[in-house]
Amino acid sequence: ISRASVRMSDLSYVVQSSTRLLRALFEVALRRGLPSLSLSALEMARASESQVWPFQHPLWQFCNASMRGEKALVHAEILNKLDDVGHAGELHALRDMDKGELTSLLQSPRYAATVFLAVRYVPTLEIVKASVAPITRTVLRVSIDLIPSFTWKDNVHGNAESWWLWIEDHEHERIYH
């Protein structure tokens, strides 16, 4: 996950299999209706796939130079600068900034232009409308309208983007759907 090069064959096999094993753990936890474990396993599987720890800035996923045969979208020096600025460098804060604000934050027009584009490539969804209505005592009708709030780029996203949505009871630790 930390992009360390591994030379031992057994350890290399474990690193290559980690995403598959974490996805399997996620599927088992989801089928058993365990939301906390499902979320943790999914988060770790995504971290393994993108080689970015959950506590790292989301733009680190665009630093991988081998990403679909393209050069890196965001360089490590920009991400190190974002790590240094603290909360102002969080994704939602960066999305709300214009290029001038980014330039003053990062103290570089070149960095600002790169970050301005990259934060718009991070896949996010907005909930437009959500409603829950009881049908019977044990059946609910759930309606959710979602819209993508990111810019699609084929060489960044590939040909599809997957999403998981589940309905859970946080108090009783149960997944309903």
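Predicted model: local features only at pLDDT ≥ 70, side-chain atom pairs only at ≥ 80, totals over all residues.
Residues are numbered from 1 along each chain as its sequence is written. Local features need pLDDT of at least 70, side-chain atom pairs count only at pLDDT 80 or more, totals for chains, interfaces and linings use all residues, and side-chain values use heavy atoms, with hydrogens and water left out.

**Exercise 1.** Find how many salt bridges the structure holds.

*Solution.* Start with the rule: a side-chain nitrogen of Lys or Arg must lie within 4 Å of a carboxyl oxygen of Asp or Glu. By that rule, the structure has four salt bridges.

**Exercise 2.** Work out which parts of the chain Arg23 and Glu49 link.

*Solution.* First, check the contact: their side chains form a salt bridge at 3.0 Å, N to O. Helices here are DSSP runs of H or I, at least four residues, numbered from the N terminus.

**Exercise 3.** Decide whether Glu27 and Arg31 are partly exposed or exposed.

*Solution.* Recall the cut-offs: buried is under 20% relative accessible area, exposed is over 50%, and partly exposed is in between (1.4 Å probe, protein chains only). Glu27, at 28%, is partly exposed, while Arg31, at 72%, is exposed. Finally, look at the pairing: the two side chains meet in a salt bridge of 4.0 Å, N to O. Both belong to helix H1, and because they are four residues apart, about one helical turn separates them.

How values were computed: Helix = DSSP H or I, 4+ residues; strand = E, 2+ residues; numbered from the N terminus.
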